[in-house]
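Please keep the sequence and the structure in view while reading.

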Amino acid sequence: LGEGLVMKLAIKSSVLLGVLGALVMSAPAWSAEPMARMTDDDVEALAKTIGKQHQAFERALDSKLKRSILRGPGGEVRVDYYLDDLGDSIEALGDRFTGSYSASGEATDVLKRADFMNSYVHDNPSMKGANEWDVLGASLQQLAGAYGTSFPLPDDAAARRIGDGELEDAATALSKFSKDLPKAIKKETKGMDELEDAVDGLETELKSMSGMSKTLASRIRSGKPATAEARQLVESASSIEGLIGTPGMPAGVAEAWEAGARDVAKVEQAFGL
């Protein structure tokens, strides 16, 4: 190639790389954020879907495989018995999950039992039923996400879900708590003029948090998406903790904040933030 053509190609490549780099750098930060939290109704519907997908997978399997014995990490597994046990676990999850009982133990059982077949299908991608398992596996990943974990379930991990009722209670309590806390802070910092700016900042943030928490509780109660409100609340809590860490701030202020911090932690866990 002539030097002129080489030079032009180099310039074009440089421009292209620059554009791609700019696109990557300008990608919105929220693109890596967790998926929206599933409501209790969503989880209940998902459990039913998983039950149907398990049945579809079982129908798609080769009859010889169903009657066979496979070796797993825990020993020999007879496939037809295994499928029955997995189906029973899925059914138990759907039956026991309610607004007041999150069925975390049942969800853990489903995810643990499903791991054996998940590994087998991935090792035998051409087997009958592989497509049906992939559909079921995607739903199991959703289920794991609703319980604050992943599928396949990590070693020694357990699923834990904070239900809508518990989450709404935490948000409601946080709204009242953050409305009342400024009084306690002013009492703790009385006569400490050097902390006036920090105290004013705390009062402003706590007032904002009270409103956010009230909105969050309302959206949860109505079954509406609330990830944005939860994220804002967690960011506000971070600002509050930064102000509480102001040099010279009495220890009593941090102690008074602990109850609110516990409710914020529930919000963080529930939304995977």
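The sections below cover the basis of the model, its backbone and its nonpolar cores.

## Basis of the model

The model is predicted; local features need pLDDT of at least 70 and side-chain atom pairs count only at pLDDT 80 or more, while totals for chains, interfaces and linings use all residues. Residues are numbered from 1 along each chain as its sequence is written, and side-chain values use heavy atoms, leaving out hydrogens and water.

Most residues other than glycine have a negative phi, and most peptide bonds are trans. The peptide bond from Phe151 to Pro152, however, is cis, with omega near 0°. Pro152 lies in the loop between helix 6 (130-146) and helix 7 (164-188); helices here are DSSP runs of H or I with at least four residues, numbered from the N terminus.

Asp156 is found in that loop between helix 6 and helix 7, and has a positive phi of about 65° although it is not a glycine. Ala103, also not a glycine, has a positive phi of about 55° and is placed in the loop between helix 4 (79-96) and helix 5 (104-123).

Is each of these residues buried (under 20% relative accessible area), exposed (over 50%) or partly exposed (in between), using a 1.4 Å probe and protein chains only? Ala103 counts as buried because its relative accessibility is 1%, whereas Asp156, at 84%, counts as exposed.

## Nonpolar cores

A nonpolar core is a set of buried Ala, Val, Leu, Ile, Met, Phe, Trp, Tyr and Cys residues joined through side-chain atoms within 4.5 Å. The largest has 38 residues, and Leu93, Trp133, Leu140, Leu143 and Tyr147 have the most contacts inside it. Helix 2 (40-60), helix 4, helix 5 and helix 6 each supply at least two residues of this core.

Leu93 is in contact (heavy atoms within 4.5 Å) with residues including Ala103, Leu143 and Tyr147, not counting residues up to four places away in sequence.
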